[in-house]
Amino acid sequence: VDGSGGIAAKTIQALMASERARFIAAHPDAAARAGNGLPGFYQGVPMHWMRDWPMPFPMLVTGAQGATLTDSDGHVLADFCLGDTGSMFGHSPEPVRQALVAQSARGLTYMLPTDDALAVGTLLRDRFALPHWQVATTATDANRFALRVARAVTGRVRILVFNGCYHGTVDETFVRLIDGAPVNRPGLLGQFTDLTQGTRVVEFNDLPGLEAALSDRTVACVITEPVLTNCCMVLPDPGFHEALRRLTRETGTLLLIDETHTISTGPGGYTREYGLEPDMFVLGKPVAGGVAASVWGFTDEVARRLDAVRAVTPPGHSGMGTTLSANALALACMRATLEQVMTDAAYAHMEALAKHLATELSGVIDRLGLPWHVVRVGARVEFICAPGPLRNGTEAEAAHAGPLEQAIHLALLNRGVLIAPFHNMMLVCPATTEEQVDRLITAFSEVAGILAQ
Ligand code: PMP
């Protein structure tokens, strides 16, 4: 695997050049108003990741509804990025829109609970089978706070991550294995600590490595996604999760499952679908239908141990929480999402269409004889421009084919289909139509055909 996806560099460059020209010609309004960046913003965008899309300059969104996104040049796109999961249940689901409107007349944030909060505690407990919950604003925050609790209750400092993971901008998770050695993740700005002091990193699916890393019983917590979704997607080997649970229990290590992306699996996430038994559970991004909110939950045992630590800790700041966390607007939207949007019926639709999408994309790849493959976790589908399956973060890193992926993304966009930047992820939401999925399959087939020639 050399990161080329089996395609000659000059073929990729030619596709990129023609697709850039096509994009520029088709976006005169965005070119005029944002072609040199949006005025007033550092690097011309309100958030620096917005530069990481493959288009030559940003397109300006004028609206989005369901799985459809429109831009200022009048394009109507089938949106399979869905805000990189923030809008996994569609843009502005009607129950969330109504909750937003209703709450907007009642105040937005007051640091006190509401009727909606009363409902949400029970909804979370019943859906995710953990008795104790807290609400934060981002998945990053939820992970940070949960890790703090893990350290507090175990009295241990270290955490363990799997190579290739991403859990948000959580400092201690920014450790990578490079040539077998743990290092601070390349690219970090302003990093002043050697993160490898507090964090161990092993490869996903490496049970002997995991066992060795936990054996001295100094690790407070293993944090992982059930499936690695933030590198090229890596599925767990059969038996991996059972062994992970056994090894963490044997060594008194807590297990934190981050379902922020894998909630695509089903209404109770991968955890419920596959019977995982985490001590702590995190979900962010779509849990309030696209309004900023996240949740983290834990077991009775963790709660009991937390109570015991608090009883002997001097009063002061816990280091957890942010002012807008659990605000009334977020709780109203979360209630609407849990009660009316994340339904069994919605998931049935997502699962069926995503399965169809994955099967058809695989078929295109096979027909063209490309050395690529397709992976899926529920409504989350990814094509990977390398042979598979991938077994760990190092393989996933090597499988990335940057310039090729960028050219494909731009070519799909020019054919009316938006997929996530950074990786080749496509999400199916409750509002995604068969026509939109067919458009994606047709566009992918055409673009892959050009590349395979
Ligand atoms: N956990 C996982 C698994 C994620 O993929 C992400 C973001 N991609 C996060 C946490 C962080 O989410 P946020 O950026 O909303 O804090």
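A residue counts as buried if 20 or more other C-beta atoms lie within 10 Å of its own. Keep that cut-off at hand for the tour. The model on screen is predicted.

**Stop 1: the whole chain**

Show everything as a cartoon. The chain carries 14 helices and 16 strands. Its radius of gyration is 22 Å, close to the 22 Å that the globule rule gives for 453 residues, so the chain is as compact as a globular protein of that length. Turn the view along the principal axes: the C-alpha trace spans about 65 × 55 × 45 Å. Colour by burial next. Buried residues account for 47% of the 453. Then look at contacts between residues at least 6 apart in sequence: 74% of them join residues at least 24 apart.

**Stop 2**

**Stop 3: the seven-stranded sheet**

Move to the open sheet of 7 strands. Read across it in the order E4-E12-E11-E10-E9-E5-E8. The pairing is mixed. Which strands form the edges? Select strand E4 (132–136) and strand E8 (199–202); each pairs on one side only. Neighbouring strands in this sheet are turned by 20 degrees against each other on average, direction ignored.

Strand E5 (158–162) pairs with E8 in the parallel sense, over 4 bridges. Click Phe162 and look across: Val202 in E8 stands opposite.

**Stop 4: helices across the strands**

Select helix H5 (139–154). Helix H5 lies across E4, E5, strand E9 (219–224), strand E10 (254–258), strand E11 (280–283) and strand E12 (294–298). Against E12, H5 runs at about 20 degrees.

Helix H7 lies across E9 and E10. The angle between H7 and E10 is about 145 degrees.

**Stop 5: Gly284**

Centre on Gly284, in the loop between E11 and E12. Is Gly284 buried or exposed? Gly284 has 28 other C-beta atoms within 10 Å, so it is buried. Set aside the neighbours within four places in sequence, and show its contacts: Thr138, Ala139, Ala142, Thr260 and Ser294. Ser362 is 78 residues away along the chain, and the two C-alpha atoms are separated by 30 Å.

**Stop 6: a hairpin**

Go to strands E1 (61–65) and E2 (68–71). Strands E1 and E2 pair in the antiparallel sense over 4 bridges. Pick Gly63; Thr70 in E2 stands opposite. There are 2 residues between the strands of this hairpin. Gly66 takes a positive phi near 60 degrees here.

**Stop 7: two positive phi values**

Select the loop between strand E3 (76–79) and helix H3 (94–104), where Leu82 lies. Leu82 is not a glycine, yet its phi is positive, near 50 degrees. How many C-beta neighbours does Leu82 have inside 10 Å? The count is 30, so Leu82 is buried.

Step along to Thr85, in the loop between E3 and H3. Thr85 is likewise no glycine and has a positive phi, about 100 degrees. With 24 C-beta neighbours inside 10 Å, Thr85 also counts as buried.

**Stop 8: a cis peptide**

Finish at Pro389, in the loop between E14 and H12. Show the backbone between Gly388 and Pro389. The peptide bond joining these two residues is cis, with omega about 0 degrees.

Note on methods: Residues numbered from 1 in each chain as written. Predicted model: local features only at pLDDT ≥ 70, side-chain atom pairs only at ≥ 80, totals over all residues. Pairing = 2+ DSSP bridges. Axes fitted to C-alpha atoms, helices over the stretch in contact; angles between N-to-C directions. Contact = placed C-beta atoms within 7 Å. Rg over C-alpha atoms; globule rule 2.2 N^0.38 Å. Buried ≥ 20, exposed ≤ 12 C-beta atoms within 10 Å, placed from the backbone.
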